[in-house]
Amino acid sequence: MVFSASPFIYGFFPIVFLLYFAWNNRIWRNGVLLAASLVFYAWGEPRLLVLMLLATLEAYAGGLLMERWGQSPRRRKAAFVVTVVLLAGNLFVFKYLNFAVANLNLLLGGRLPLPGIVLPIGISFYTFQILSYVIDLYWGKVAVQRNYFYLLLYVSFFPQLIAGPIVRYQTVEHEIRERRETLDDAAAGMRRFIQGLAKKVILANGTAALVEVIYKGDPAVYGTAMYWAAAVAYSLQIYFDFSGYSDMAIGLGRIFGFHFLENFDHPYVAASITDFWRRWHISMASWFRDYIYIPLGGSRVSRTRWVVNILIVWGLTGLWHGAEWNYLLWGLYNGLFLLAERLVLGRVLDKLPKALCRLYAMFFIVVSMVVFYFNDFGQMLQALGQMFSFRPTDWMGVAAADLSALYGLFFVPLGLVWMLPPPKALRRLGESDAPAALAANNLFHLALAGVCVVIIVSSKYNPFIYFRF
Amino acid sequence: MAKKAINAVFAGGILLLLLAGLARTVFFPKEINYLEQRYAEQIAPLTAESWLDGSFQDSVDKALSDQVQLSETYKKTYNTVSSRFLKAVSAPILSQCRDRYVNIAGTLMFNDNIVYAPFTLEEVAPSLDAKAENFNEYFAAHQELDFYVYYLERDIDLDFETGERMGAREYFFDRLDLPEDRTACLHVDSFEDFSARYLRTDHHWNYAGAYQGYTELVKLLEVDEPPLAPQGGPVEVGTLYGSRSTGMTSAFSETFYAYRFDYPDMEVTDNGYPAADYGSQKEFLSGGADQLTYGGFYGWDEGEVRFDTNRPERENLLILGESYDNAVVKLLASHFNNTYAVDLRNYEPHLGKDFQFSDYVEEHDITKVLLIGCMTYFRMDEFTLEG
């Protein structure tokens, strides 16, 4: 089930809301959330629900064993390693085995049959959440969860289940047992949800129209300008798609009394690639930093080892997005920029005006998104070639090839404005508790929700990009 | 306190609106989607199987889109806004793109017409071969009958940009075991030919094309009387949003014209039931009908329509066709005793029995059989003769 589809908006959400607030007891309220989360997942993946239940069970049992063997470091470590290997193995089998076998066949000329395993929705997200619990437990940062259903609620909680943000157990550990739901939080959560919905339904889907037309059209028709327009449009699409989902998740969490950490902070105003990664998919970047980069030694190692660490982390970051070579390349591309900025470029950027730094970052981010988009290297090189070797655009030809490209073009400037941090006055108005400001704010969100509902009911195109991760 | 009240109205209002949509869908679903002229989607029964195969979930999604309050208004608004926007931005481009195909989200335009892309002969030859073989079997088996084939050339038969003909009609006629004078076609050799004979926003022919077809059919069928003449020139019936005017192109419309005819008296039977008329030409021409469509005006694709002029001295005609013949069957029926217009796609669904050709012609004392349609009719399996 997706947040931007009628079954969620008209069915799932109001029913869960009513059932949840019908109880005044924490246990029952958690029960409602858990049952709802399982239905939410089973709506799209009824058979693969078992996999999530088992993965949670592995973490639960591993946690109990680690606690039981607390006095024996070797046994405790063994329990930890086995749990992590099982969870990572699970992710490998379901996400990467097809890819590994296909490439082994290619490399060794073998004929191993492809397993044809279906990728379960959200497996990368929930596996990383479970791993964060297991690792934090091993490090002594969180207490063991003795109630399987509470652990399952953490893993399966529907707002963040299938497309993040990657919520750490320690963020919600306390709120699972004790939290306070208020009317103001519910209203604020709804407003946040509507903002996310609008990002997805209006901007992500709107810019997607341009991307689809150009990247799936005849390359001979489109010149350099249109390929740059498509790259910018895709950068906007993926941002509004994913940050919109995060907004909706954070808003839904807040309605039910949970406070998730922010996942995006206006990434396209970043002044460097390093800065971009402090603002983009923060929960994933910090996950890799805390659970891979730092355990590898971080930057407190030799220069060579540090370079290797960065490349390992960014290679894995790329592969986390999908079992395709372009994702690996995209991760390494980002890793190399981070290295270059730390070693050389950073000093140059420090001396440049902020606007130039932002332009630099935006330019290389947009190029990276082209790498991210194309699984097929031939098409990727062709698109990059179109962008970097000037070819005039036959505008009439563009219009003739698919006039709906114009429809997509309309949303690009809108997206470019919306991606910027709002002006202070507007932000203050949005945060104001004054009755008139609050009423105006609510009315604006109601109107925005109305526009979204009209689009959702009328059109069927709204798959989330981050689902496949 | 004021803050709480404002937030309560906001959150409660949203919740109530959503619950009202759900309640309407589950407990009080409507049967017809009038905007899209079809049955409205309903929620399928929930079973383990329907959940596992996803059909229940799909049905909920579709049902909500059809059933929630104001859903038709939402869709109409959305289509109007998006298509008006597209029309506004496309107008200058379309005027610059004369004599070339323009693609609008999968819908093709050529000048002011919404059109289909031409097929290549390689694409269509196998299915035309199969249909010709099927027809030839019946020509051979029923030598007592006079068979006629009328082919409507249209946008799919030639490339308007290059003027290249696909040659499907010639290819098909070459394979028919019929004398040359038993076949004819509505000849379209250029975009000008096409736009003069076909509607701009609909895939069907217009009043001029249909009348030309009728006069050619009168000749083809060796009717020994002149065709009915229209009473005066074409009459403006109303604004038509044709079959191709949907989604992004729904802002495109045209003025629908028709000829007025003085039809002879005839009894009409629609799928076995007596009917006042076939189509609503009189009502539309007198301004007493709305929701103008090609089918609404001329008549829908019924399994079987029978026209009886009660002139036993004349022959009985069987017309096996598709929607194109809707515009001419009543005209043709004026020249025969009994005329049976059968649409093989709908015969079994509407009459509850299979169409058996040999039994049918014998039972209804048919002497002439007209096979009429455009390229798709001569390709589609649904129009294969059986029995």
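Which backbone oxygen does the side chain of Ser127(B) reach, and at what distance?

Modeller: A caution comes first: this is a predicted model, and what follows should be read as a description of that prediction. The side chain of Ser127(B) reaches the backbone oxygen of Val124(B), at 3.0 Å. Ser127(B) itself sits in helix H5 of chain B, which covers residues 121-141. Once residues up to four places away in sequence are set aside, Ser127(B) touches Phe378(B) and Arg379(B).

Strand S12 of chain B, residues 304-308, has 4 of its 5 residues buried, so the rest of the structure largely encloses it. Two partners pair with S12(B). Strand S10 of chain B (residues 267-270) runs antiparallel to S12(B) and is joined to it by 4 bridges, with Val268(B) standing opposite Phe307(B). Strand S14 of chain B (residues 338-342) is likewise antiparallel to S12(B), here over 5 bridges, and in this pairing Arg306(B) has Tyr340(B) as its bridge partner.

Charged pairs within chain B can be described next. Asp66(B) and Lys75(B) form a salt bridge whose closest N and O atoms are 2.8 Å apart, and both of these residues are buried. A network is also present, in which salt bridges with shared partners join Glu153(B), Arg165(B), Arg169(B), Glu170(B) and Asp189(B). Over all chains, the structure holds 36 salt bridges.

Turning to the interface, 47 residues of chain A are in contact with 45 residues of chain B. The size of an interface is often given as the accessible area lost when the parts come together. For chain A and chain B that buried area is about 4300 Å², and carbon and sulfur atoms give 76% of it. The rule finds 9 residue pairs in polar contact across this interface, both residues being at pLDDT 80 or more. On the side of chain A that touches chain B, at least two residues each come from several helices, among them H1 (6-22), H2 (26-44), H8 (183-215) and H19 (435-458) of chain A. H19(A) gives the largest share, with 11 residues. By residue class, that side of chain A divides into 32 nonpolar, 8 polar and 7 charged residues.

The count of salt bridges between chain A and chain B is 3, and Lys3(B) takes part in the two described here. Lys3(B) pairs with Asp184(A), the closest N and O atoms being 3.4 Å apart, and this pair crosses from helix H1 of chain B (residues 2-27) to helix H8 of chain A. Lys3(B) is partly exposed, at a relative accessible area of 24%, whereas Asp184(A), at 18%, falls under the 20% limit and therefore counts as buried. Lys3(B) also forms a salt bridge with Asp433(A), in which the closest N and O atoms are 3.2 Å apart. Because Asp433(A) lies in the loop between helix H18 (424-431) and H19 of chain A, while Lys3(B) belongs to helix H1 of chain B, this pair too joins two chains. Asp433(A) counts as partly exposed, with a relative accessibility of 46%.

Note on methods. Residues numbered from 1 in each chain as written. Chains lettered and ligands numbered in written order. Predicted model: local features only at pLDDT ≥ 70, side-chain atom pairs only at ≥ 80, totals over all residues. Heavy atoms only, no water. Buried < 20%, exposed > 50% of the residue type's maximum accessible area, 1.4 Å probe, protein only. Pairing = 2+ DSSP bridges. Contact = heavy atoms within 4.5 Å. Buried area = accessible area lost by both parts, 1.4 Å probe. Salt bridge = Lys/Arg side-chain N within 4 Å of Asp/Glu carboxyl O. Polar contact = N/O pair within 3.5 Å; in protein donor to acceptor, adjacent residues only side chain to side chain. Nonpolar A, V, L, I, M, F, W, Y, C, P; charged D, E, K, R; others polar.
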